Number of protein chains: 4
Amino acid sequence: MSKVIKGGTVVTADRQYKADVLIEGEKIVEIGENLSGDEVIDASEAYVIPGGIDPHTHLEMPFMGTTAAETFESGTFAAAAGGTTMLVDFCLPGADGSLLNAIDDWDRKSKDQICVDISYHMAITGWNENIFNEMEAVVKERGINTFKHFMAYKGALMVEDDEMFASFKRCAELGALPLVHAENGDIVQELQNKYLAEGVTGPEGHAYSRPPEVEGEAANRAIMIADAAGTPLYIVHVSCEQAHEAIRRARQKGMRVYGEPLIQHLTLDESEYFNKDWQYAARRVMSPPFRNKEHQASLWAGLAAGSLQVVATDHAAFDDAQKRMGVGDFTKIPNGTGGLEERMAMLWTKGVETGRLTPEEFVAATSSNIAKILNIYPMKGALVPGADADVVVWDPTISKTISPATQKSIIDYNVFEGMEVTAQPRYTLSRGDVVWAYGQNSQPQPGRGKFVKRAPFASASKALSKWKELTTPRKIERDPLNIPSGV
Amino acid sequence: MSKVIKGGTVVTADRQYKADVLIEGEKIVEIGENLSGDEVIDASEAYVIPGGIDPHTHLEMPFMGTTAAETFESGTFAAAAGGTTMLVDFCLPGADGSLLNAIDDWDRKSKDQICVDISYHMAITGWNENIFNEMEAVVKERGINTFKHFMAYKGALMVEDDEMFASFKRCAELGALPLVHAENGDIVQELQNKYLAEGVTGPEGHAYSRPPEVEGEAANRAIMIADAAGTPLYIVHVSCEQAHEAIRRARQKGMRVYGEPLIQHLTLDESEYFNKDWQYAARRVMSPPFRNKEHQASLWAGLAAGSLQVVATDHAAFDDAQKRMGVGDFTKIPNGTGGLEERMAMLWTKGVETGRLTPEEFVAATSSNIAKILNIYPMKGALVPGADADVVVWDPTISKTISPATQKSIIDYNVFEGMEVTAQPRYTLSRGDVVWAYGQNSQPQPGRGKFVKRAPFASASKALSKWKELTTPRKIERDPLNIPSGV
Amino acid sequence: MSKVIKGGTVVTADRQYKADVLIEGEKIVEIGENLSGDEVIDASEAYVIPGGIDPHTHLEMPFMGTTAAETFESGTFAAAAGGTTMLVDFCLPGADGSLLNAIDDWDRKSKDQICVDISYHMAITGWNENIFNEMEAVVKERGINTFKHFMAYKGALMVEDDEMFASFKRCAELGALPLVHAENGDIVQELQNKYLAEGVTGPEGHAYSRPPEVEGEAANRAIMIADAAGTPLYIVHVSCEQAHEAIRRARQKGMRVYGEPLIQHLTLDESEYFNKDWQYAARRVMSPPFRNKEHQASLWAGLAAGSLQVVATDHAAFDDAQKRMGVGDFTKIPNGTGGLEERMAMLWTKGVETGRLTPEEFVAATSSNIAKILNIYPMKGALVPGADADVVVWDPTISKTISPATQKSIIDYNVFEGMEVTAQPRYTLSRGDVVWAYGQNSQPQPGRGKFVKRAPFASASKALSKWKELTTPRKIERDPLNIPSGV
Amino acid sequence: MSKVIKGGTVVTADRQYKADVLIEGEKIVEIGENLSGDEVIDASEAYVIPGGIDPHTHLEMPFMGTTAAETFESGTFAAAAGGTTMLVDFCLPGADGSLLNAIDDWDRKSKDQICVDISYHMAITGWNENIFNEMEAVVKERGINTFKHFMAYKGALMVEDDEMFASFKRCAELGALPLVHAENGDIVQELQNKYLAEGVTGPEGHAYSRPPEVEGEAANRAIMIADAAGTPLYIVHVSCEQAHEAIRRARQKGMRVYGEPLIQHLTLDESEYFNKDWQYAARRVMSPPFRNKEHQASLWAGLAAGSLQVVATDHAAFDDAQKRMGVGDFTKIPNGTGGLEERMAMLWTKGVETGRLTPEEFVAATSSNIAKILNIYPMKGALVPGADADVVVWDPTISKTISPATQKSIIDYNVFEGMEVTAQPRYTLSRGDVVWAYGQNSQPQPGRGKFVKRAPFASASKALSKWKELTTPRKIERDPLNIPSGV
Ligand SMILES: [Zn+2]
Ligand SMILES: [Zn+2]
Ligand SMILES: [Zn+2]
Ligand SMILES: [Zn+2]
Ligand SMILES: [Zn+2]
Ligand SMILES: [Zn+2]
Ligand SMILES: [Zn+2]
Ligand SMILES: [Zn+2]
């Protein structure tokens, strides 16, 4: 049975045009004028865009002594309700340290729950021969071409510079892409101690102990290590000018570095932590913390300029009870906020409606760019014949005030609560299925989502390897007579 | 009669994939596997790419007391032989100052000669009410959405800052895009006088009198003026780090500025002007002049980083006799070099083969990006059903040493002479016609090229207008009691 | 009769130490411990610093159809009351265009009025052979080694780029230093027209029509021209990050560029123009206008970093009646504010008391640096034997609220009104005379001030000339056989 | 018995003037015209400058399994012969880890040998409570106000980020200044392994494994840590644009960071390591290694711009036999080169004679700036009454070709061998004693040098503390009702 999305304006990362989209089964089969199908999905007065891809979520993640409250079911359904048809979750090794076991574990948790497609980034939280060896299977057998490295969370997830170098080099060999959480974990810990010692125990202490310079430093360091190891690099949750500046500086030297701002950092600022209501402020605790308006302006400009490429959420939702673990000590507040459901609408409202971004740039930042970076384009992130029918009918006439009362997320608050957004998905299709229809009481369809395998050696990775091979310094050939005999 | 390009790897700005390309008449009708058509064009072992677009040529241009030797026929045929299927020429007002008359004149010169498609940028070389008025017809009737401004060539083409502002503002209203040749004409003239006075009369004086700072200054100034006028800006022939830095700085503030390096500046350096043979050096005289290796590195990085978007040629070819007009006085050497025919092969060889660029970035820089900027995408610059069948079968197995003996350009020398390139167009198709087949004695088909109309209000232009409207400073409302009565 | 300043802490640009200062007549003769003299000036609990030098004033200047209300008498007395013992006023050519006549005119106006020493910067407001010739006499006979160039005030004071180049080159030959007012006059005028046309007629329109980018552009352009002409450059009233960035960028290339922020821009911001009271806002109208807090932070950092060297005032005081000339049209509000009297106390309070500057940096920024730049160090700007006894006993224990009621300036308002400063000059000595004693009803002593001659060829100027000579591009020697015969 | 230096031109960091210098015992007592004394030192046709201070030497340092060959006697005599009258050596803790014992040890080694004055920087090579405690005595009792931290030499001297933070914070409390050797030790080690594994065993491998990015990264990291800890920072041996850029970026934010390029990096480049003669290349092995010409230009500009303040040598001289420890493995070549004797003459020749620096800037960079930073100004680094009579009669008419045959250094080669310098000390006075007279067969006077104590809390340190206190983030006061009760 075919479906046709009719009457809309197709927007992709490279253009806008009036066209219908014909879907057979899970795939787009044709895009053009006057198409017909068994079922018609109305896109009149609306845009038709590739389903959003959120490359940064932590569903049901064990962290800081608790587990993120958002489940794979609630998270993937909230995603669909917001126009996102794929997310990439972070898979963390367990006590045995095995990467492959961790993937099995994540599969077990996710497979019966997921309403849309997912993939994983594999976290490297230490270094040894087993990890070195397993990385190959992770890439070649499990279809995961990205490895995450934490430069913060000392004593827990954090890795050292030599470990990063080793892992990055391994990534280069395997054609995989390293990711980093860039904050200097040593200094974060020292500043936490300092502020706690000074009696700053509230959520504002979280922000104070993770200033922009601490993030910028780590971004800069990761970039140098990636350059030395000969691999592109992807920096998650770029929140500040300092990290962005490091990225720009690197790119201007020809280094291949990607930066991912979050929708939260683009639209919320540090004053949230100064709220007189502890719970209000604690709900906003995430790492890096929100920054001031100057940093926001930097991030927005980066999206338009192309120095930043992807807008994500770092969705890691903890409920009020969990947040209260940090009463009296901000370092114990579980780090994380939500946004999966609001990312697309917030970016449209604050970006496209203001003219900061074109509609094409909106699609690039929410879907196409990350699909290219993850090497799953155009299966995902594109509207072309042959692509997965992950399609959103994006209605710029639906206004809505964000409220926990109407959200699909499992959490009972929302960091964007009270903000007005001016567009919503009229329909969200995941591989051809309508998984969300605005105002029509859609229900989660757990288990229909699939794991998406991703091949290594994306185009940028291949180009960089070529350049590195060409420009690597060469041995100076010396006449043995010019070398003293050894001692 | 249909044609099918079979067995190749399609490369576009966003991806690579094995597919055949089916053409009916002038258009691409389908791209996919196992297509068949009346005629088969073999693309095995080759790439299939959108035809190149060179947005910067001066064919038969009257300049510096002579006329560029390259004709519309020889130029467009040379283009085709190099894989370029469209070029945009600069249309200059004549003695009467009329824009519309100039377009008529250019049409007259070009229409029976052109072998591939063309368009024009309209030059604004002064400012008055007639020009203000004609600009509307240029855009709305003649289909030209770009206006060129010369900040150099004082006493000839140069415009002043207030004229640029007025014209840029007019561009903003009309949804057109201003272009600038960025060099400070006052200072160039002063430096020319200085070096001539010091007895530096040879071609090296050309380079000395147009240093990078002089270009960077003008780029920076044009950017400020465009920002004040509320329009995007396109800077032609960005040759140096100084201009590139100004562009990056602007983009990082959210300004929409595009930069176009030339293939010459990417691959040739200033030492060319120090050649002991006057004629050798004079052949390389163009503005801006070639720079040193550091500037080249900056430009290459900019292409990969996205701070520079387009590679052009500024093809303005003068023969040896014309160049000799400047014996004894470098300021009389006609400014211009060639490159139309070599642009694609040189960029591939020095860019893709080294790993500095991906194949996708190569297509973006030679074709897709400029098509988007000129608002003719995807009619041009793309391989999608419905697009013009401007297609090149790009063969990375054909090596060739560049030589005037084998070139199609009318000029009897070549600034790239002796350089080895490692790819060539096996076939070049212009709107479905094979206009070049490597090694098969293809002949020019003058008159088959068409003029391409371009609509105003590209997506970036619309977004910027929205942002400017939103952020324009507002009048402070004051109680009349708070305003003294006038004097 | 000798005087000894006893019991204080001497602060100079390079150090702090306890010492007495012995003065004979107009000169310092000794600095050391336990000195005695005929008269004792108590400096206990206070600092002893070189008298301030304000290198940027416009006293009794004819401008915008009126004349600045501050006279040479009131201005120099206000200066003394604030701890400033020398100022440099801008001398503008009159209708005949003669520089020498203008100096005579300025001498006539100033000589019987001045209470402390002065010098002039000579303005170059056009270009011709007479100016070229007179510049030599200005430097060699009149002892003026600085020439000011206005890039704004189109149709009045503004000069074009080729005129600036010619004048800068002449400065280089004469060992003089060019100064610029950096704003793009063309664009200011266009923006004035734009905002007036939109009905923005109030003082906020002044700020809107002179945005930071317009200043940054001009600074950048002046720097390029100075570099091409081979001379150091001094940029007056650097008010924004854009101009400061241009300066930093230049200095990092080894160019010798100085930047002068004003005390107003360091401490007041653009919100002043949004005041609901027209008169309040109009009093603050000056060019460049006040900027936002980010720009302030940039300027403060520049003073500490050394990328900016001098804090001045651009004192050009117009009274309320004069300001009202611009009711209904902000372009007619005379540009200028005061600050001569408050500069030192404001910089101390907002700079030294906050820790942004060291006491030594305070002295450098208010006195020593400009004395070096003007090549009158250590006669002025230093506390060493042999120097002019321009000395201030600086009392960090006197707090005061700035108020027009207590000021010496002739104007009946004050842009710093209501601000608290935490230090004041206990005594101000000008060439050995006490011209101000706090709380002791000091009176102006008109006519005792002298004109200070300044020699050309400061050390930086000589060094730059050497470097430029060494690195100037050289003629390529070609065999005549390698040069075609002319045409 | 008094001495008078007659007939010279005094050059200090702030001016040049004709004057005689009168010395009584160890001190300057008067500077002025027509002075007389018991003994006359002829300075006609010469400059009279403060004795040079080299703040970076490693005499007799145990390192990499051997001991630097330059002794305190030969080193301090070579210094005197080159116009340097004080040096600051690095004191390293021994096996017991005690700072105080290390100082005792250094005293023991140096006291009978030194010909001119010295001081120490104390190295922090680990972190524990004893070190924390001893730091106080080091500062308050031993008169050492600087602590050195190695970010490289992993497994030996290197400290981790949290250790640096702790030590920097301790420095802030004590008013001491932290110094860093900025290279990422982890990555250096990884790159050493990589190049060795690839068969690059020669001295070029040393350069390859310590690329500019690795230095820039560490500089950037140290700056962030110093900012977080609230202390100024001094970065030794800044060799490249990357580190310099990090410094400029920090200073532009108001951070107080100093940078010290070495005379070697200013004048020698990386091609030295590509010499076909192993021994030639090995002699040049130091960390960081020499860089290319672009980096040199950056460093020179920094000295003129003030973003870099001090020129040092990192004098750590190993003889040929010691260098041969690294035959077959570049990581075993002892790191270090000489320069103590040539620093002043090389900087004059390549800096002042070219016009890159003024004579005043030369004095600042070789003497006054570091004296201020070390808080010993004007006892050292100045020519004022009361200062130590460390004075050099600097003769710009003595040319000399650098040669090991004529040097005072104990080493039998010289990295500047064959270079022509155009100035030399005619006389070098150390606290009033002539310790070097050019061409007069001066002999070392071991034991006459003294250890110079330095007080903490330099002016910049105090200012920064004030600013940090003022701007430290504050606790948000919340109503207990707004804080949930703990869990
Ligand atoms: Zn994270
Ligand atoms: Zn995360
Ligand atoms: Zn041009
Ligand atoms: Zn052109
Ligand atoms: Zn001005
Ligand atoms: Zn002024
Ligand atoms: Zn070191
Ligand atoms: Zn060292």
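Glu361(B) and Arg256(A) form a salt bridge through their side chains, with N and O 2.8 Å apart. Before going further, please note that this is a predicted model, in which local features need pLDDT of at least 70 and side-chain atom pairs count only at pLDDT 80 or more, while totals for chains, interfaces and linings use all residues. Residues are numbered from 1 along each chain as its sequence is written, chains are lettered from A and ligands numbered from 1 in the order in which they are written, and side-chain values use heavy atoms, with hydrogens and water left out.

On the chain A side, α8 (241-251), α11 (293-305), α14 (359-373) and α15 (459-471) each provide at least two residues; helices here are DSSP runs (H or I, at least four residues), as are strands (E, at least two), numbered from the N terminus. Helix α15(A) gives the largest share, 7 residues. In total, 39 residues of chain A and 39 residues of chain B take part in the contact, which means heavy atoms within 4.5 Å.

The size of an interface is often given as the accessible area lost when the parts come together. For chains A and B about 2800 Å² is buried, 50% of it on carbon and sulfur atoms; this buried area (1.4 Å probe) is summed over both parts.

Now turn to chains B and C. Here 57 residues of chain B touch 57 residues of chain C, and about 4700 Å² is buried, with carbon and sulfur atoms giving 57%. Within chain B, Met224(B), Lys276(B) and Arg478(B) lose the most area to chain C, together 13% of what that side buries. The count of salt bridges between chain B and chain C is 10. Arg478(C) and Glu204(B) make a salt bridge, their closest N and O atoms 2.8 Å apart.

Next, look for the metals. In chain A, the zinc ion (ligand 2) has His56(A) (NE2), His58(A) (NE2) and Asp314(A) (OD) as its protein donors, at 2.0 to 2.2 Å. Donors are N, O and S atoms within 2.8 Å of the metal (3.2 Å for Na, K and Ca), and water is not among the atoms, so sites may look incomplete. The zinc ion (ligand 1) lies 3.4 Å from the zinc ion (ligand 2). Is His58(A) buried or exposed? His58(A) is buried, at a relative accessible area of 5%, where buried means under 20%, exposed over 50% and partly exposed in between (1.4 Å probe, protein chains only).

Because His56(C) sits in strand β8 (residues 52-57) and Asp314(C) in the loop between α11 (293-305) and α12 (320-323) of chain C, the pair ties together parts 258 residues apart in sequence. His56(C) is buried, with 0% relative accessible area, and Asp314(C) is buried at 7%.

How values were computed: Buried area is the accessible area (1.4 Å probe) that two parts lose on being put together, summed over both. A salt bridge is a side-chain nitrogen of Lys or Arg within 4 Å of a carboxyl oxygen of Asp or Glu.
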